[in-house]
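This report looks at backbone geometry and salt bridges in one protein model. Please keep the sequence and the 3D view open while reading.

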Amino acid sequence: MTKLKNDLFLRACKRKKIERTPIWIMRQAGRYLPEYRAVRKKSDFLTMCKTPELAAEVTIQPIDIIGTDAAIIFSDILIVPEAMGMHLEMHEGKGPIFHHPIRNENDAKDLKIFDPTKELKYVLDAVSLTKKELNSRVPLIGFSGSPWTLLTYMVEGKGSKSFSEIKRLIYNNPKLAHNLLEKLSSIIAIYLSAKIEAGADAVQIFDTWGGILSPNDFEEFSLYYISKIISEIKRKDEPVIVFAKGVHYKTKKLSKCGADVIGLDWTMSLKNVRDEIGKDVALQGNLDPTVLYGPKSKIKDEVINTLKSFGEGSGHIFNLGHGILPDIDPEKAKYLVSCVKEESKKFH
Ligand code: CP3
């Protein structure tokens, strides 16, 4: 493997010495960039995901335009349930929709246990192509949804506020829930291993809906499967990042799941979490994404606060506490990146 020109992100994941804090942004390849919207105007979202040339093009855009220290492959977590046979629609403004959600054994019986190296080969091709086109400039991150977050969408059928259907399922039919989580876990472990094999330098597991569970339920329905996947991923030194939104009550347990890095949302304090678990894992995050609505002076203040909260030394990857919002001015994102690059030198 050729050596990366900028490997700050990978070194920070392993808590090795760095000259400054690396930064990437969740959803950095997205609608806030006019260059993304230009590609998106010509193709629908899923076609972009399934066309390696288009996926590679938008993956690299934020590296050229915003200057982040890592690329994340353009794709979506919901292509996994799609490959299991669920018909997926992405609606402008309404988000993803599955018209035939899974509510009982009968709905679940036709779900396919598929081979990601075949059915999701288009993602693996996108990874290899992007890796080639990045030309060793920065590392490339592959990702998957966690089993719990994927099951939430499969059962709700769309975004939700109360999550009534998935909660109904786990309380009335935990056996079916566990059966499906088990199946998703096996697929995801193979899928993430294949992404690494195709060239991903690190992988991130998104547990966006971990935080809707009580602490005990989180352990039973989400964390157990995340740990299982991590133990099964075939990797050499490639870091695993877990972003579990809203699970402030479980950071200690989360730090033992086998991940190299834990991603935090903006409601948590980097300092408190570092004091608790910072000797075991690196931390990623956690600027409130809406700070980018503010003026540059505010962005700078909050960058410094975030850096101070983590403190001196390696083991911090700067990011937002969740994805960048589609109506953010790209100039602000650019400013954020330059500010982190400049201000973080003092912390190393
Ligand atoms: O981070 C990146 O730049 C890589 C690409 C990426 C996308 N989705 C592209 C995308 C990643 C890592 C994801 C993950 C994802 N997808 C998650 C987990 C992270 C999180 O944000 O919590 C979830 C829950 C999804 C499911 C999903 N996909 C939703 C809820 C939506 C609608 C969002 C919205 O605001 O409309 C999507 C669509 C989607 N995925 C878009 C992008 C760029 C927008 C689609 C478009 O261009 O029309």
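## A cis peptide bond

Asn 286 is found in strand S8, which covers residues 282-287. Strands here are DSSP runs of E with at least two residues, helices are DSSP runs of H or I with at least four residues, and both are numbered from the N terminus. The peptide bond that joins Gly 285 and Asn 286 is cis, with omega at about -10°.

This is a predicted model, in which local features need pLDDT of at least 70 and side-chain atom pairs count only at pLDDT 80 or more, while totals for chains, interfaces and linings use all residues. Residues are numbered from 1 along each chain as its sequence is written, and side-chain values use heavy atoms, with hydrogens and water left out.

## Positive phi angles

Arg 15 has a phi near 55°, a positive value in a residue other than glycine. Its place is in the loop between helix H1 (8-13) and helix H2 (34-42). Phe 163 also has a positive phi, near 55°, and is not glycine. Phe 163 sits in the loop between helix H9 (147-156) and helix H10 (164-172).

Arg 15 is partly exposed, at 37%. Buried means under 20% relative accessible area, exposed means over 50%, and partly exposed is in between, using a 1.4 Å probe and protein chains only.

## Salt bridges

Side chains of opposite charge can pair when their charged atoms come close. A salt bridge is counted when a side-chain nitrogen of Lys or Arg is within 4 Å of a carboxyl oxygen of Asp or Glu. How many salt bridges does a search of the whole structure find? The search finds 26.

One of them joins the side chains of Arg 11 and Asp 7, at 3.0 Å from N to O; Arg 11 is partly exposed at 21% relative accessibility. Lys 14, Arg 235, Asp 237 and Asp 260 are linked in a network of salt bridges.

## Pairs within helices

Asp 125 and Lys 121 form a salt bridge of 3.1 Å, N to O. They are separated by about one helical turn because they are four residues apart in helix H8 (residues 121-134). Asp 125 has a relative accessible area of 32%, and Lys 121 has one of 44%; Lys 121 is partly exposed.

In helix H15, Glu 302 and Lys 298 are also four residues apart, about one turn. Their closest N and O atoms are 2.8 Å apart in a salt bridge. Asn 305 lies in helix H15 (residues 296-310) too.
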